[in-house]
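Here are my notes on this entry, point by point. Please read them with the coordinates open.

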Amino acid sequence: MTERFYVTTPIYYINDVPHLGSAYTTIAADVLCRYQRLRGREARFLTGTDEHGLKIQRAAEERGTSPQALADEMSVKFREAWPLLGCAPDDFIRTSEARHARGVQALWRKIHAAGDIYLGHYQGLYCVGCEAYYTEKELDAGGLCPIHGTPAEAVEEESYFFRLSRYAERLLAFYDHNPSFVVPPSRMNEVRSFVRGGLQDLSISRTTFRWGVEVPDDPRHVMYVWFDALSNYHTALQEPEDNRRFWPASVHLVGKDILRFHAVYWPAFLMAAGFPDEALPRQVLAHGFLTYGGRKMSKSLRNTISPVALASALSPSVGVDALRYCLLRSVSFGQDGDFSVEDLLQRYASDLGNTLGNLVSRALPFTERVGERGTLGPLEEAMNAQLRESARAAAEAFDAHAPTRALEAIWAGLAAANHYVDRATPWVAKKQDPARLDTIVATLVEALDAFSVMIAPVMPQVATAMRAQLGLGPLRSEVGRDQWPFEPPRRAPGGELRRGKPIFPRLDDGQRALVLKAFAPPEESDGAAPAAAGAPAQAPAREVKPLVDYATFAKMELRVGTVVSAERIKRKDRLLSLRVDVGEPEPRSLVAGIGQDYSPPELVGRRIVVLCNLEPRQFAKGLDSHGMLLAAEDGGKVRLLGVDGEVAPGAAVR
Ligand code: MSP
């Protein structure tokens, strides 16, 4: 039996929503997994959310909610986004799950038992945005984090340490024996020189906040979020069912910003926990950043795009597949690259419409059934030779986790197939030589069958649509059955062909203009500076939620309320305590995170909209909220929803 395949994405922080940058990694993982399945391998794909740490605890405090409630709300956005982008992870792990805590604590105990965790005192600098420790040398001028541009915070506290310093030699030997442990090779060199530069022991616990996995036998400490997060790749295989047969991971896909954690700390943790070299992850693939309008996409720069919204604006039927194709084709996987909507539209029209879609439309109009293949002539032989070469080169590229190269190889084959149609002139054969027409159509049908398999990892829906026109069922992978078309698959004569509508409907100028306008990158205000927080976001990461039926909506009790009193809550800048008349004998107490945008006096007497049947939530001892007021948020600013005209408190809102 061939080796199993196990691919992972980083688990995403939940202070953001899924955007094109995170979609890029998740789609790539999905593509590699689908490819391996077509090759007959048993494959597994894991993604999830990274929910602990000071960053999330602070974000929750600012929003006046608990970290768990924030995590529950945000994690689901990731879980729901991936299937909408054609991704089918086998598991979605959340670091706040009990199964994860059990797994990480077991790992901690093993390392502790091996003598590689000790209690000490930490004094140093920490960037909360990165959840990472920095030395002064590593920071930019003024003590600013090189990634976030914000000041690193001084931390001084009791901490458990991991004896990372003990592992430099073994790591270097491991890299020597496994030179493709990190790809691309330039990144392997970076990692090597970092380790050669000497490794300090690593602080792996914190005592100044609570939102994390408790350290076994010392509940004063929670684990450092990266110790907790990296372990997800292994804990997810342990429960609910035992999937440890997939270990070690075949490839961890990561952005270049988090390479050190995966290529140095993670293997060192595993070594300390007793994993032999053969049981360490096979590869860490560091891809570059996807930029948009020239800058890395990130929430703080307000230049993220919702991939789901973009795909559906492009085409409800094939937009997702087109976006998957374009992301992997345009930006060479491993390099930085700029994403542009112009490029997406261009590739949609040319690579997809004119090259792939057109080949299907050109091959199928002549007959309704596949005829006798007969004897192939030199044109057919030449085209098939290119087809075999495409299949070989694409497989080699996918095996090397290089989807961009695989697509280039497939498109070279498609170009040759279109060239074949030009030269074989089936429209002439139709009039003059029916036997020859049968040969041409059979050759093209077999080639299209092969292409439908080759594109399936990247464009699963298009593959199915193409196969339907060829009279073939959808592809079904099966462990042990290699379906890769190294040889063009043979098609028996008589098989039905079902020519349908063009697979990639043409977009007219108006449609193109609409997509361009809706997803134009935000203008830069002054060269390098990020768009100001209040600038209009032209391409917001609009969140697309699943449809709900009316009965679900009607369960919400929304009422008009009049604010009776409002006051600030001590030491919580954002929180206000309100009493609101919602037509009941007593006003309701509400806590609202609007303190930065409203002062108490301007609220009293205002008519607002309140969700009255939301579960009460305790913000602090004696500080409960019995409902929630509704507000719009734009660019970090909050504006309350009001009611037009005189409406009595308690009036229903529907
Ligand atoms: N939670 C950590 C990862 C823990 S893995 C054990 C984290 N999360 S993140 O949400 O900030 O980033 C997740 C991944 O998304 C990283 O690999 C990061 O490089 C990637 N990307 C974020 N923005 C991106 C782009 N604009 N382009 C490409 N990848 C991007 O780090």
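1. Start with D257 and the ligand. One of the polar side-chain atoms of D257 sits 2.6 Å from a ligand oxygen atom. Bear in mind throughout that this is a predicted model. The distance is computed from that model.

2. At G255, a backbone N or O atom is 2.7 Å from an oxygen atom of the ligand. At L290, a backbone N or O atom is 2.8 Å from a nitrogen atom of the ligand. How much of the ligand's accessible area does the protein cover? On its own the ligand has 660 Å² of accessible area, and the protein covers 92% of that.

3. Which elements give two or more residues to the shell around the ligand? They are β2 (12–13), α7 (225–230), α8 (232–235) and β13 (251–255). The biggest contribution is from α7, with 3 residues.

4. The shell as a whole is worth a look. The ligand is surrounded by 23 residues. The closest are I11, D50, G255, D257 and L290. Sorted by class, the shell holds 13 nonpolar, 7 polar and 3 charged residues.

5. Next, the helix packing. Helix α1 (residues 20–38) packs on helix α11 (residues 319–330) at about 95°, and their axes are 10 Å apart. At that angle, α1 is roughly perpendicular to α11, because angles of 65 to 115 degrees count as such.

6. Which residues form the contact of α1 with α11? From α1 come L20, Y24, I27, A28, D30, V31 and R34. From α11 come L323, R324, L327 and L328. By class, this contact has 8 nonpolar residues, 3 charged residues and no polar residues.

7. Helix α11 also packs against helix α14 (residues 403–424). Here the angle is about 105°, with the axes 7 Å apart. The pair α11 and α14 is therefore roughly perpendicular as well.

8. The α14 side of this contact consists of P403, T404, L407, E408 and W411. The α11 side consists of Y325, L328 and R329. By class, the count is 5 nonpolar, 1 polar and 2 charged residues. Note L328: it meets α14 here, and L328 is also listed in the contact with α1.

9. Check the cis peptide bonds. One runs from V183 to P184, with omega near -5°. P184 is in the loop between β8 (182–183) and α6 (185–196). Another joins W247 and P248, with omega about 0°. P248 is in the loop between α8 and β13. Both α8 and β13 are also among the elements that give two or more residues to the ligand shell.

10. Where is D217, and what is its phi? D217 lies in the loop between β11 (214–215) and β12 (218–223). Its phi is positive, about 65°, although D217 is not a glycine.

Conventions. Residues numbered from 1 in each chain as written. Predicted model: local features only at pLDDT ≥ 70, side-chain atom pairs only at ≥ 80, totals over all residues. Heavy atoms only, no water. Near = heavy atom within 4 Å. Polar contact = N/O pair within 3.5 Å; in protein donor to acceptor, adjacent residues only side chain to side chain. Areas by Shrake-Rupley, 256 points an atom, 1.4 Å probe, with all protein chains shown as cover. Helix = DSSP H or I, 4+ residues; strand = E, 2+ residues; numbered from the N terminus. Nonpolar A, V, L, I, M, F, W, Y, C, P; charged D, E, K, R; others polar. Axes fitted to C-alpha atoms, helices over the stretch in contact; angles between N-to-C directions. Parallel < 35°, antiparallel > 145°, perpendicular 65-115°, else oblique. Contact = heavy atoms within 4.5 Å.
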